[in-house]
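Q: Could you take me through one part of this structure closely, for someone who has not seen it before?

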Amino acid sequence: LKERGKSVHSSSGEESEDEWTDGDSDGNSSDGLYGKDKMGATNLKTHMRSHIEDDEKRRPFKCDICGKRYGYPHHLKAHKRTHEEDEEAKKPYKCDICGKR
């Protein structure tokens, strides 16, 4: 896993205090694993979801057409456009200069 260009996990899967990109140098952690003081609450919540093994819980948003799963509703919304037959519906945004979608 990379954060701001630096690894936050060693190759063995264990954490190492010299790999942290934020926080103090002695490796203090408020939650016993990663600590809000290291990543921030939102980033920690997002990161902790990557450790959930059950795919339905890790990726709760499922495409009703093909069954592909996503972790965020906006990723599912973007994916659903790929099932549209109309080119304008697939790619709703176009360049004002050249018209490319």
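A: **The cysteines and their surroundings**

Cys63 is buried, with a relative accessible area of 1%, where buried means under 20%, exposed over 50% and partly exposed in between, using a 1.4 Å probe and protein chains only. The model is a predicted one, in which local features need pLDDT of at least 70 and side-chain atom pairs count only at pLDDT 80 or more, while totals for chains, interfaces and linings use all residues. Residues are numbered from 1 along each chain as its sequence is written, and side-chain values use heavy atoms, with hydrogens and water left out.

The cysteine sulfur closest to that of Cys63 belongs to Cys66 and lies 3.8 Å away, which is too far for a bond, since a disulfide is a pair of cysteine sulfur atoms within 2.5 Å. Cys95 is likewise in no disulfide, with the sulfur of Cys98 as the nearest, at 3.8 Å, and Cys95 is partly exposed, with a relative accessible area of 30%. A search of the whole structure finds 0 disulfides.

UniProt, in an unreviewed entry, places the feature "domain: C2H2-type" at residues 61-88; its positions are given in the numbering used here, feature names are shortened, and annotations may be inferred rather than shown by experiment. Over residues 61-88 the chain is 36% helix and 14% strand, with the end C-alpha atoms 24 Å apart, where helices (H or I, at least four residues) and strands (E, at least two) are DSSP runs, numbered from the N terminus.
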